[in-house]
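Please read it with the structure in view.

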Amino acid sequence: MSSQDEQFQAAGPEPAASSAEDGMTWWYRWLCRIAGVLGGMSCAFAGLWNCVTINPMNIAAGVWMMLNAFVLFLCEAPFCCQFIEFANAVSARADKLQPWQKAAFYCGMAVFPVVLSLTLTTLFGNAIAFATGVLYGLSALGKKGDAISYARIHQQQKQMDEEKLTGTLEGQPL
């Protein structure tokens with residue numbers, strides 16, 4: 001076995017372990033990945049368009065957006081970066097991050113070019129990349145509980161409130 005095959009096997013995430021740890025369903029994981037790829041494409045095109053100007057802040061924002069696109073492709077779709085030998089290792093390391101860490105990283109990456117140069121190109125170009133961070137942030141919140149559990153908790157709280165109310169009324173002299 002070659003060293004490249006060993007790196008690929010070592011870098012590849014275990015799908016059963018990663019999905020059990022973060023609680024994301026397979027379709028939500030794919031939704032986040034597709035949003036990341038689309039966000040990378042929008043950042044790349046808008047970043048390139050932003051660089052066609054004289055204003056240095058627009059050029060800086062455009063370069064940062066193209067860097068964002070590269071990072072999104074590297075983390076979410078390493079098959080797009082097959083010519084880079086460390087792409088699978090970076091993707092495996094990114095898969096080990098918690099969803100809230102990915103959310104903070106992607107949202108922070110998307111906000112920085114908008115702070116540099118507030119234009120429609122930077123806003124629309126980073127919108128999908130920011131949405132990818134929001135999707136990961138929503139997955140960090142966890143699954144929504146079922147209605148039966150919430151009804152049971154509400155009923156218990158209602159009983160406790162009634163017991164407290166009757167306890168205070170009985171304890172006070174009339």
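At what angle do helix H6 and helix H7 pack, and how far apart are their axes? In this predicted model, H6 (residues 99-116) and H7 (residues 120-141) pack at about 165°, with their axes 7 Å apart; helices here are DSSP runs of H or I of at least four residues, numbered from the N terminus, and axes are lines fitted to C-alpha atoms over the stretch in contact, with angles from 0 to 180 degrees between N-to-C directions.

**H6 and H7**
- H6 and H7 are therefore roughly antiparallel (an angle over 145 degrees).
- The contact (heavy atoms within 4.5 Å) involves residues including Trp100 and Tyr106 of H6 and Phe130 and Tyr136 of H7.
- By class, this contact of H6 with H7 has 15 nonpolar, 6 polar and 1 charged residues.

**H3 and H7**
- The axes of H3 (residues 26-50) and H7 come within 8 Å and cross at roughly 160°, which makes H3 roughly antiparallel to H7.
- Among the residues making this contact are Leu31 and Trp49 of H3, together with Ile128 and Leu135 of H7.

**Confidence and conventions**
- The pLDDT (the predictor's confidence in each residue, from 0 to 100) averages 80 for the protein, and 80% of the residues score at least 70.
- Over residues 1-20 the pLDDT is below 50.
- Where pLDDT is low, the predicted coordinates should not be read in detail.
- Residues are numbered from 1 along each chain as its sequence is written, and side-chain values use heavy atoms, leaving out hydrogens and water.
- Local features need pLDDT of at least 70 and side-chain atom pairs count only at pLDDT 80 or more, whereas totals for chains, interfaces and linings use all residues.

Note on methods: Helices (H or I, at least four residues) and strands (E, at least two) are DSSP runs, numbered from the N terminus. Angles under 35 degrees count as roughly parallel, over 145 as roughly antiparallel, 65 to 115 as roughly perpendicular and the rest as oblique. Ala, Val, Leu, Ile, Met, Phe, Trp, Tyr, Cys and Pro count as nonpolar, Asp, Glu, Lys and Arg as charged, and the others, Gly among them, as polar.
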